[in-house]
Amino acid sequence: MAEDSIDEQIANYVIKNKESHYRLVYTYVRNVEDALDIIQESIYKAFLFKDSLKNIDYIKTWYYRILVNTSLDFLRKRKRLVVVDDETLSGFDLGEEDMYEDIDLSTAIKELPEDYRIIIILRYFEDLKIGEIAEILNLNLNTVKTRLYKGLEKLRIKINDEDQEE
C-alpha cells in the first residue's frame with residue numbers, strides 16, 4: 001500500500017481533529033458562524049501552503065499556527081469595521097443567541113487578557129506542550145511559561161473572588 005499523499009494526510013488530520021480546531025477558533029471569535037468561516041479559510045490555507053509543511057510529524061503545530069493566525073487576522077479585520085448602535089444592529093438580527101452554560105471557570109477564562117487566555121486554552125484544553133505552544137504562537141519558550149503561570153494566577157484570584165462573593 002502506497003503512503004497517503006500530503007493532501008490526504010492533511011484532510012485526514014483536519015477531519016479527525018475538527019472539534020478541537022473549532023473549540024480553539026471559537027475561543028478567539030466567540031461566534032459560531034465566524035468560527036466556521038475561519039475553519040473553512042484555514043483548511044483552504046492548509047492546502048494552499050501544504051509545501052510549507054516540511055515534515056508530516058509536525059502537522060499539529062503547523063495547522064494550529066494556521067488556525068491561530070487566521071483567527072487573529074479575522075479579529076484585526078473586525079476591529080477595523082465601523083460599530084453601529086444596538087438599536088440599528090438589533091434590526092438586522094435574524095439569528096438566535098448562542099446559549100452556553102455559565103460556568104465560573106469558563107467565565108473567568110473569557111475575562112482573561114488574550115495573551116494569557118490562548119496559552120491556557122492551548123495547554124489545558126487542547127493538551128499541547130509548552131514548546132508546541134511557543135512554536136504555534138511564535139513566542140519564546142520562557143514567555144509562554146511566564147504567561148501561563150501569570151494567567152493561572154489571575155484565574156485563581158478571579159475564581160477565589162467569585163467564591164467569596166457568594
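**Figure 1. Overview of the predicted chain.** Helices (DSSP runs of H or I, at least four residues) and strands (DSSP runs of E, at least two residues) are numbered from the N terminus. The model shown is predicted, so that local features are given at a pLDDT of at least 70 and side-chain atom pairs at a pLDDT of 80 or more, whereas totals for chains, interfaces and linings use all residues. Residue numbers start from 1 along each chain as its sequence is written, and side-chain values use heavy atoms, with hydrogens and water left out. The protein chain contains nine helices and zero strands, and its elements, read from the N terminus, run α-α-α-α-α-α-α-α-α. Of its 166 residues, 32% count as buried, where buried stands for a relative accessible area under 20%, exposed for over 50% and partly exposed for values in between (1.4 Å probe, protein chains only). Among the contacts (heavy atoms within 4.5 Å) with a separation of 6 or more in the protein chain, 68% are accounted for by residues 24 or more positions apart.

**Figure 2. Helix H4 and the helices that cover it.** Helix H4 takes in residues 59–79, and its 21 residues should span 30 Å at 1.5 Å a residue, which agrees with the 30 Å between its end C-alpha atoms; the expected span is 1.5 Å times one less than the number of residues. The buried residues of H4 are Ile 59, Thr 61, Trp 62, Tyr 63, Tyr 64, Ile 66, Leu 67, Val 68, Thr 70, Ser 71 and Leu 75. The cover over these buried residues includes helix H1 (6–16), helix H2 (18–29), helix H3 (32–48), helix H7 (114–125) and helix H8 (130–137).

**Figure 3. The packing of H3 against H4.** The axes of H3 and H4 are 9 Å apart, and the two helices pack at an angle of about 130°, the axes being lines fitted to C-alpha atoms over the stretch in contact and the angles running from 0 to 180 degrees between N-to-C directions. H3 and H4 are therefore oblique to each other, since angles under 35 degrees count as roughly parallel, over 145 as roughly antiparallel, 65 to 115 as roughly perpendicular and the rest as oblique. From H3, the residues that meet H4 are Asp 34, Ile 38, Ile 39, Glu 41, Ser 42, Ile 43, Lys 45 and Ala 46. Their counterparts in H4 are Trp 62, Tyr 63, Ile 66, Leu 67, Thr 70, Ser 71, Asp 73, Phe 74 and Arg 78.

**Figure 4. The packing of H2 against H4.** H2 and H4 pack at an angle of about 25°, with 10 Å between their axes, and the two helices are therefore roughly parallel to each other. On the side of H2, the contact is made by Ser 20, His 21, Leu 24, Val 25, Tyr 28 and Val 29. H4 contributes Tyr 63, Tyr 64, Leu 67, Val 68, Ser 71, Leu 72, Phe 74, Leu 75 and Arg 78. Leu 72, which has its place in helix H4, counts as partly exposed at 27% relative accessibility. The C-alpha atoms of Leu 72 and Val 25 are 9.5 Å apart in space, although the two residues are 47 residues apart in sequence.

**Figure 5. The surroundings of Leu 67.** Leu 67 is found in helix H4 and is buried, with a relative accessible area of 0%. When residues up to four places away in sequence are not counted, Leu 67 touches His 21, Leu 24, Val 25, Ile 38, Ile 39 and Ser 42. Of these, His 21, Leu 24 and Val 25 are among the residues through which H2 contacts H4, whereas Ile 38, Ile 39 and Ser 42 are among those of H3 that meet H4. Leu 67 and Tyr 22 are 45 residues apart in sequence, and their C-alpha atoms are 9.3 Å apart in space.

**Figure 6. The surroundings of Thr 27.** Thr 27 lies in helix H2 and is buried, with a relative accessible area of 18%. Leaving aside neighbours within four places in sequence, Thr 27 is in contact with Arg 117, Ile 118 and Ile 121.

**Figure 7. Two loop residues with a positive phi.** Most residues other than glycine have a negative phi. Asp 127, which is not a glycine, has a positive phi of about 60°; this residue lies in the loop between H7 and H8 and counts as exposed at 57% relative accessibility. Asn 138, likewise not a glycine, has a positive phi of about 55°. The loop that holds Asn 138 is the one between H8 and helix H9 (141–165), and Asn 138 counts as exposed at 65% relative accessibility.
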